[in-house]
Amino acid sequence: MLKQTSFVFFVLLIGCYIRVNCEELKHLTNEVEVNVPANLTWELYRHLGISKLAAQQLKHVIQRIQVLKGNSSYTEIFNVIDDQKRVKVAQTLEGGCLEIGCSIQLVQFDIIEKSPSKSIIKSDISYAVKKEFQAKDPKPNIQCLAAVAQVAKYYLERANWA
């Protein structure tokens, strides 16, 4: 419980830092149970492996993944990659829900150990809506992250870990 509380505080702190009223942050969450130990699930999520796997398997959703400087349709920066707590947090810089009226979008992945042989992939999007767009109630799309988690589950459960 303490590790989750510290990262919720971190997300709130980032939101406050960029002048978002902390009470206005909203969340969308998805959880997928995987029949693989948390350390193996984290190895996929910790690096760009999950992005590359998703690009291969979700071609109808993800056009391509590139690490680049400059403009793109969606740009994010990883603020936290914590190997001990198995948490990765990214802030959207351009694209995503920022294009439809959100003032901030943070994506957090938690790989939670459920048992020695099972883990949970928890994907959370924290976001705030600009006042002038509140009537339209724009939301980020959690379905893409849910699809990525399902691809990860399929891959991890069929991999030969021996």
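A polar contact is a pair of N or O atoms within 3.5 Å. Keep that in mind for the last stop. This model is predicted.

**Stop 1: the sheet.** Select the five strands. They form an open sheet in the order β1-β5-β4-β3-β2, with antiparallel pairing. Strands of a sheet pair through backbone hydrogen bonds. Now find the edges, β1 (26-34) and β2 (75-82). Each edge strand pairs on one side only. Neighbouring strands of this sheet are turned by 15 degrees against each other on average, direction ignored.

**Stop 2: β2 and its partner.** Select residues 87-94, which are strand β3. How many bridges join β2 to β3? Seven, and the two strands run antiparallel. Zoom in on Val80. Opposite Val80 stands Val89 in β3.

**Stop 3: two helices.** Select residues 38-46, helix α2. This helix packs on the sheet and touches β1, β2, β3, β4 (102-115) and β5 (118-129). The direction of α2 makes about 155 degrees with that of β4. Next, select residues 142-158, helix α4. Helix α4 lies across β1, β4 and β5. It runs at about 15 degrees to β1.

**Stop 4: Gln105.** Select Gln105 in strand β4. Is Gln105 buried or exposed? Buried means under 20% relative accessible area. Gln105 has 5% relative accessibility, so it counts as buried. Show its surroundings. Gln105 touches residues including Tyr74, Ala90, Leu98, Ile125, Tyr127 and Pro140. Cys97 is also one of the residues touched. Look at the backbone nitrogen of Cys97: it lies 3.0 Å from a polar atom of the Gln105 side chain.

Key
Residues are numbered from 1 along each chain as its sequence is written. This is a predicted model: local features need pLDDT of at least 70, side-chain atom pairs count only at pLDDT 80 or more; totals for chains, interfaces and linings use all residues. Side-chain values use heavy atoms; hydrogens and water are left out. Two strands pair if DSSP finds at least two bridges between them. Helices (H or I, at least four residues) and strands (E, at least two) are DSSP runs, numbered from the N terminus. Axes are lines fitted to C-alpha atoms, for helices over the stretch in contact, and angles run from 0 to 180 degrees between N-to-C directions. Contact means heavy atoms within 4.5 Å. Buried means under 20% relative accessible area, exposed over 50%, partly exposed in between (1.4 Å probe, protein chains only). A polar contact is a pair of N or O atoms within 3.5 Å; within protein, one must be able to donate a hydrogen and the other to accept it, and residues adjacent in sequence count only if both atoms are side-chain atoms. Lists of a residue's contacts leave out its neighbours within four places in sequence.
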